Amino acid sequence: MTEEDIEKENAAITNAYKHLLKVSYTTLSTEDKKLIRKAFEVALDAHKTQRRKSGEAYIFHPIAVAKIVAEEIGLDATSIAAALLHDVVEDSDDYGINDIEQLFGETVARIVDGLTKISSLSKEKDMDVSLQAENFRKMLLTLNDDVRVIIIKMADRLHNMQTMDAMRPDKQVKIASETLYIYAPLAHRIGLYNIKTDLEDLALKYTEPEVYNDILTKIKESKEEQDLYIEQFSDVIRKSLDKEDFTYTIKGRPKSIFSIRRKMLNQGVTFDEVYDKFAIRIIYESDDYNEKFLAWKIYSIVTDHFRPNPLRLRDWISSPKGTGYEALHITVMGPKGNWVEVQIRSERMNEIAEKGYAAHYKYKQQDEKEDNLESWINRLQEALENPTMNAVDFVEQFKLNLYSQEIFVFTPKGELKSLPKGATSLDFAFHIHTEVGMHTRGARVNNKLVPLSHELKSGDQVEVVTSSSAKPNANWLNYATTARARAKIKSALREDRKLVGEEGKEILRRKLKQLKITLNESSVNDLVRHFNLKTSLDLFYRVGIGSIDNIMLKDFASSRTNVLMSFFKNKITRKQSISKEELEKDEITSNFDSLVFGKEQEKLDYKISNCCNPIPGDDVFGFLTVSEGIKVHKHNCPNALSLQSNYAYRIMIAKWIDSTQQDYATEITISGIDQLGLVSDITAVISNNMHVNMKSLSFETDDGLFSGKIKLVVKNKAILKRILEKLKKINGIDKVSRI
C-alpha cells in the first residue's frame, strides 16, 4: 500500500469509530466513552497486521460488530467494549484473557472469554461424530454465564454474513446453512427480530441464490406500486387517528425475502399469489396506564375502515410472547382486494420488538417477577447439562422449540403458563416441575379427565394427577413434544434400562456358564450379531426382561461352531441372489454415470436419497453416510440445512455433467377445476413429449374440484420444467408442482 492509501484507510477507521459513538442506543457517559476508546485502541493494536479476505483492514470488522451491538441491539458501553475486543485474545499473541481483565475488569473479560471459546470451537478438527452439534451445545451453555455473549455472537455472525462475498462458495453454503439452522431461530427466541430477518435473507442469498435474486428483483420491480398503495392505505387511517389526537407514526414495509419464500413453499403459490407481501406498523405514544386501552382503540379505528380477517387476529398485548414481544396484529382487506397486515404497538412495545433483550431490561420494573427470557434460559440450562443426551438430537429438539408458536394455559390456582403450540398434558406436567412430570398418572383439563397425549389449547385449565408409584415408560415419548419433557423421559428410561441391563448381564453370565461359554468381549459381540442388536446394553436388557430366554441361548450355542462357515456361505448366497434389476442398475451406474464429485470431478458410486429424489439438472450435493456410502441430496432438500450445519465435513461438492442416457423417476401433483376431457388433455401433453414416460396417474374429484398425482420418468430437470409449464397452460388447471 502507498502512503496515500494508508492515510485514507486510517481516516476511514477514525470515521468508523466516531460513527460508532454517535449511533449508540444508550446515552454514553464520559466514563463510557473512555472505556470504549480504550477498547478501540487495544483492538487496533491487536489487529494491526491483519486483513480480511476482502483485503480491508481487520479492525473494520470489530468496529462493525460493535456498531450493530450499539445501534441495532442497543446494549451498553460494557457490551460495546466487549464487541470491539471479541477477537483480540483469539487472534493476538500479545493479549491474553488475564490482560483483558486487568485492563477492562471482570465483566468485559468474562464476555470476551465466552466469545473466544465459541470462536475456537468452530476451528476444532472434524471427527467421526458431529462436533458441530456439540459445539452448538457448548455455545448455548454460555447463555447462563452472560446472555450478552450470545447477543454479541449474533452481531458477529450478522456482519460475517454481510461480508461473505469474498469466501469460497462451499464455505458460503456451510456458514449460511448454520445461520438458518441455529442462529436465526436463536435470534428470534432472544427477541432480536430485525437481526433474525437480516440473517434469514442473507442465508437464503447463499443457499438458494436463484430464488433469492428472483424474489428481490420482483420486489424492486413492484416497489413504486407498493409504496403508493401503502401511502393510500395509511392516509385513510391518519385522518381518523388525527381526529382522536393520537401522537403516532405509521411505517410501511415489505415482508422479508425469506418470509415471502416460506409463504410460497407452505402455500404452494407463486410470488404474485402471496397475498400479504407488505405490512403497516402503527406506533403510538402512551403512558403505562392507557397503553392497552389505546391499542384496542386504534384496532377499532382500523377495522371501522377495513374489514378484518377474524382468523388472523393476534393479541400479544394481553398475553405477550415468551420472548417479551407485545403487539396487536390484524390482517384487513385493503383497497383493490389486497390483504394487509397491520401491527399496532406503543413506543415501548416497538423498542422491545426492535431491540429485544436490551429494551426489555430498560423497561423492566424492580418488583417484576422473573421474566420469560430468564426462565427460558434456566430451563435451557437443565437440558444443556444433561450429559446423556445425543448432541444432534439436542440441537434438533432445541431448534424446534425456538420457532414454535405459543399457547397459554392456566394452573388450578389460575396462574398463566406459556407452552409451545402442540404441547400435551404430559408436557404441562414436566413444565410445572420435573418431579411432577416423573410421577404423572393423568390430567384433568377443564375438570375432565384426559389421557397424557391430550393436546392442550389456549385457555385450558390443567390439573396434573400424580402417584408415587407412577414412572416414565417408553410410550411417554409418543405423548411428549417439548424438548424439556422428552429429555427428562429419555434420561429416566436410560437409567431404568441401565439397571435392568446390569441384572441381565449377571443372568447371562450364569446361563452361558451352563452352556460352557465364557462371557467376554468376543462372545458378547457374537450374541449381539446373532440377535441383530446394536449394542451390548440392548443384549443385557433383553436378557434382564426375559425376551431372550434359555431356548434362544441354546440355539446360539449350537450354531456358534458353524458361524465362520455360515458367514462365507451367506456371502456367496448374497452374491448369487442379486436381482436382475440390481445388475442393470449397476451397469447403468458404471457405464453412464452422469454425476461427478469434488473439485477433481471424480465419478464415484452413489445412491439417490429418498427424501428429495434429485434428478439430473437439480442443484445437488453428496453426503458421506456411515453405512450406505455417498447419498445425493438436492440443495433445497428438507434435510439439507441439518446435514450441512451438523456434518459439514461429510458434504461433497457434486454436479451433473451428462444426463443423456439415464432415466429418472419423479412425481408431480396437479389440481384445479374438474371438467370434461381434462384427463385426456393432461395425458396428451405428456405423451406428445418423446423424452417423458408416464408410469402411473391417479385423480380424485370433490364438488367440482380435482386433485391428482402423476409418476413420470424423465431424462433431466429441463424436460420436467417444460412439462410443468405446458400442464399449467391447460384450461382449468390451477396448480402444478413437483413433489
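Trainee: Where is Glu341 found?
Mentor: This is a predicted model in which local features need pLDDT of at least 70, side-chain atom pairs count only at pLDDT 80 or more, and totals for chains, interfaces and linings use all residues. Residues are numbered from 1 along each chain as its sequence is written, and side-chain values use heavy atoms, with hydrogens and water left out. Helices (H or I, at least four residues) and strands (E, at least two) are DSSP runs, numbered from the N terminus. Residues 339–346 form one such run, and Glu341 is found there, in strand 5.

Trainee: Which side chain of opposite charge is nearest to Glu341?
Mentor: Glu341 is buried, a label for under 20% relative accessible area, with exposed over 50% and partly exposed in between (1.4 Å probe, protein chains only). A salt bridge needs a side-chain nitrogen of Lys or Arg within 4 Å of a carboxyl oxygen of Asp or Glu; Lys and Arg count as positive, Asp and Glu as negative, and His and the chain ends are not counted. Glu341 has no salt bridge, and the nearest side chain of opposite charge, 4.2 Å away, is Lys255.

Trainee: With which side chain does the side chain of Glu341 make a polar contact?
Mentor: A polar contact is a pair of N or O atoms within 3.5 Å; within protein, one must be able to donate a hydrogen and the other to accept it, and residues adjacent in sequence count only if both atoms are side-chain atoms. For Glu341 the distance is 2.9 Å, and the partner is the side chain of Gln343.

Trainee: Why does Lys263 count as buried?
Mentor: Lys263 is found in helix 14 (residues 257–267). Contact means heavy atoms within 4.5 Å, and Lys263 touches Lys255, Gly268, Val269, Val274 and Asp276, not counting residues up to four places away in sequence. Lys263 counts as buried because its relative accessibility is 17%.

Trainee: How many residues apart are Glu9 and Arg51, which meet in a salt bridge?
Mentor: The side chains of Glu9 and Arg51 meet at 2.9 Å, N to O. The pair links distant parts of the chain, with Glu9 in helix 1 (residues 3–22) and Arg51 in the loop between helix 2 (30–46) and helix 3 (60–73); the separation is 42 residues.

Trainee: How many salt bridges does a search of the whole structure find?
Mentor: One of them joins Arg168 to Asp170, the closest N and O atoms being 3.0 Å apart. Arg157, Lys174 and Glu178 are linked in a network of salt bridges. The search of the whole structure finds 28.
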